[in-house]
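Please open the structure in your viewer and keep the selection tool at hand. The tour below moves from stop to stop, saying what to select and what is there.

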Amino acid sequence: MRLLLFFICVLYIIPSFGQWEKLQNPEGITKINCITRVGADIWLGTESGIYISSNEGISWNKSELLNNSACVDVLSLSDTIVVIYAVPSNDISGYSGYSFVSFTGGNTWHPPVLIGEAFAGANWESLWKVQST
């Protein structure tokens with residue numbers, strides 16, 4: 001019991017150093033499928049492509065990488081970026097999943113590769129970030 005009381009007191013005394021702050025979605029975007037840090041930039045995957053912010057989400061620029069295809073996920077590690085996206089297909093699944101890969105931090109891209117059928121992704125209606133104090 002004393003240990004529990006001690007932890008409660010410690011948690012109460014330690015100040016919080018961050019506060020969540022709501023960000024503006026890119027104009028016209030209501031659903032966000034993924035969000036990833038690529039280098040110093042933030043990349044959003046949406047139903048109409050990828051949006052990139054180089055100023056912590058204050059403003060967004062649409063990437064021409066996907067030509068309005070739905071971005072399902074973006075993965076980034078060092079100079080390697082993998083973009084998974086979906087395009088409508090003619091079969092019963094409804095969508096085909098493809099990927100683009102860059103090993104140069106997005107400067108050059110390998111041709112798209114079909115990776116599967118019936119793709120779907122999670123999405124969020126708004127963005128939040130921790131605001132430093």
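A residue is called buried when its relative accessible area is under 20%, exposed when it is over 50%, and partly exposed in between, using a 1.4 Å probe and protein chains only. This is a predicted model, in which local features need pLDDT of at least 70 and side-chain atom pairs count only at pLDDT 80 or more, while totals for chains, interfaces and linings use all residues. Residues are numbered from 1 along each chain as its sequence is written, and side-chain values use heavy atoms, with hydrogens and water left out.

Begin with Asn 67, which is exposed at a relative accessible area of 69% and sits in the loop between strand S5 (61–62) and strand S6 (70–77); strands are DSSP runs of E with at least two residues, numbered from the N terminus. Although Asn 67 is not a glycine, its phi is positive, at about 55°.

Next select Ser 78, in the loop between S6 and S7, where phi is again positive, near 60°, in a residue other than glycine. Ser 78 is exposed, with a relative accessible area of 67%.

Now turn to the aromatic rings, where Phe, Tyr and Trp (its six-membered ring) pair if their centres lie within 6.5 Å, and planes under 30 degrees apart count as stacked, over 60 as edge-to-face and the rest as tilted. The count by this rule is 4 aromatic pairs. Select Tyr 85 and Tyr 98, a stacked pair with 5.7 Å centre to centre and 25° between the planes. Tyr 85 is buried at 8% relative accessible area, whereas Tyr 98 is partly exposed at 25%.

Methods. Helices (H or I, at least four residues) and strands (E, at least two) are DSSP runs, numbered from the N terminus.
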